Amino acid sequence: MESEVPRSVALRSNRRGERSNQIPISRDDQDGFFSPGKVAADYPIKLVWKRGFVRLVFVAGIVWMLLILIVLLFHVWSCQSSYDFFSAICNKESKVYGLLNTWGFVQQQHRCPIPVVDDPNKIVIPEGKTSDSIITRLSYVMDDDEPLNNGSSSPLFGGLISWAEREESFKIKPSMKVHCGFIRNGGAEMDPNDIEYVKKCRFVVASGIFDGYDVPHQPSNISHRSKELFCFLMVVDEVSLEFIKENTTIRTDSKGGQWVGIWRLIPLKNPPYDEPRRNGKVPKILTHRLFPQAQYSIWIDGKMELIVDPLLLLERYLWRGENTFAIAQHKHHRNVYEEADANKRRKRYARPLIDLHMKIYRYEGIEPWSTKSGTISDVPEGAVIIREHTALSNLFSCLWFNEVHLFTPRDQLSFGYVVHKLGVKPFKHFMFPNCEYNSLFVLHPHTREHSSKVEWVKSLSEFKGKGSSMKESRGGLGLWTPYPGDLSSVVLPKVVRTSKAG
């Protein structure tokens, strides 16, 4: 009997425990990860499931970020690849590429110290002008008497240049008269206030923005002497002027002049061409025509920020070597046919029109560049041009522009041709190392990408029928005018890429 008493007590205790285990858990306890009461029997399964889901989301996020990083790095690599396919899909003007460049993912362009003097105030400016011993008088065609056959009732800005006139213009004589843009009523008119302002500009730093692709970037490291000496002139079309007004602060002076920082805005009314890139060549190449009182000019593209005092540039690139024209070598190309190939791959203009342009040059005897060519390179990096406006320098600029007017707006394709036609000895120019060019400025990305239907054209047949609307009505006329030679048998030189495309 005594042994049965503890046993009955133990049984009752066990039964109480069983009943207590059967007490239901509240709804709040079931829904939470942790409960002040008792834990549901299936809680471990729910906990594992929820933790697994969180881990899945976390891992997926990491994978997604890695994929984005891989794509961005591939974009950078493709832009620097030496393989045709990958370099062709690169777009260095995209905002993504610009952002990666800002973050430091893009390998920086090669730079080197510029051998300039230390103090702009110590520079002695030459007195007078460089003598014009080869050409004593240069004048310009202002009116074309020939009837227009392109359906336009207004004159063409670049004029109706015949093949005979083009050939004659390359024959240097003491007195010359050539086409040089600005045909009367052809467009690109300046406001009278701006015309009056630029009359006082002997030293000019010029730039340009067209079709709203950029905003003005303020130069840095400019001495007080250069600020007093130079006019900083930013040429814009009406579209860009409105874009600048919306995105920057414009100051208007008492005479109506418009300013963005140090830049005086020079609006051009009535754009002379359909293609914004070709419009941009007017102030770039014909600086001496826009600003006829200027003796010296430094051109920089609109997407660039000048970081070297302009007086130092004139001393380094003109006065020290007694030059009147200086331009940088292209980083990658010396051969114009290789540059044309790069333009086609990067869709800088219609491929068949670039080919036609090059066939004309090939027919006229332009050989691929070699060490025997007598020049450092046939292809410049045209974003910086430093000039003294002598008659010969101005003639070169006119003939260079005429090629841009007649053929493609890719001015780098025409530069070497004009040098070849004038002769290397008469036209003495300085092509300085590309690494110095990259030390002159900070390159900013465009505010948006260039876009033109003509850039994607693959065959001349696409310009027929409804596609004829893609033809420029005021530029590139030499590509649509019957050429006086047989181009059917012309074979372009085979291009073997020797370096990365630029």
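Mentor: Helices are DSSP runs of H or I with at least four residues, strands are E runs of at least two, and both are numbered from the N terminus. This is a predicted model, where local features need pLDDT of at least 70, side-chain atom pairs count only at pLDDT 80 or more, and totals for chains, interfaces and linings use all residues. Residues are numbered from 1 along each chain as its sequence is written, and side-chain values use heavy atoms, with hydrogens and water left out.

Trainee: Now aromatics: why is the pair of phenylalanine 157 and phenylalanine 401 stacked, tilted or edge-to-face?

Mentor: Rings of Phe, Tyr and Trp (its six-membered ring) pair if their centres lie within 6.5 Å; planes under 30 degrees apart are stacked, over 60 edge-to-face, the rest tilted. That rule gives 28 aromatic pairs. In this one the centres are 5.9 Å apart and the planes stand at 80 degrees, so the pair is edge-to-face.

Trainee: What about tyrosine 317 and phenylalanine 432: stacked, edge-to-face or tilted?

Mentor: Tyrosine 317 is in helix 13 (residues 310–319) and phenylalanine 432 in strand 13 (residues 430–432), 115 residues apart. Tyrosine 317 is buried at 0% relative accessibility, and phenylalanine 432 is buried with 0% too. Their ring centres lie 4.2 Å apart with planes at 35 degrees, so the pair is tilted.

Trainee: Which arginine lies over the face of tyrosine 197?

Mentor: A charge sits over a ring if NZ of Lys or CZ of Arg is within 6 Å of the ring centre and within 35 degrees of the ring normal. Arginine 278 does this with tyrosine 273, at 5.8 Å from the ring centre. For tyrosine 197 the distance is 4.3 Å, and the residue is arginine 264.

Trainee: Which side chain makes a polar contact with the side chain of glutamate 472?

Mentor: Glutamate 472 is in the segment after strand 14 (441–443), and counts as buried at 11% relative accessibility. A polar contact is a pair of N or O atoms within 3.5 Å; within protein, one must be able to donate a hydrogen and the other to accept it, and residues adjacent in sequence count only if both atoms are side-chain atoms. Leaving out residues up to four places away in sequence, glutamate 472 touches several residues, including Asp274, Tyr349 and Leu477. Its polar contact, at 2.7 Å, is with the side chain of arginine 278.

Trainee: And arginine 410: which side chain does its side chain make a polar contact with?

Mentor: Arginine 410 is in the loop between helix 16 and helix 17 (412–422), and it is buried at 14%. Its C-alpha atom is 8.2 Å from that of arginine 278, 132 residues away along the chain. The polar contact spans 2.9 Å, and the partner is asparagine 343.

Trainee: Asparagine 270 isn't a glycine, so what is its phi?

Mentor: Asparagine 270 is in the loop between strand 8 (263–269) and helix 10 (276–279). It is partly exposed at 47%. Its phi is positive, at about 55 degrees.

Trainee: Last one: is helix 15 roughly parallel or roughly antiparallel to helix 17?

Mentor: Residues that meet include Ile354 and Tyr361 in helix 15, and Leu413 and Tyr417 in helix 17. Axes are lines fitted to C-alpha atoms, for helices over the stretch in contact, with angles from 0 to 180 degrees between N-to-C directions. The axes of helix 15 (residues 351–363) and helix 17 come within 12 Å and cross at roughly 5 degrees. Under 35 degrees counts as roughly parallel, over 145 as roughly antiparallel, 65 to 115 as roughly perpendicular and the rest as oblique, so helix 15 and helix 17 are roughly parallel.

Technical notes: Buried means under 20% relative accessible area, exposed over 50%, partly exposed in between (1.4 Å probe, protein chains only). Contact means heavy atoms within 4.5 Å.
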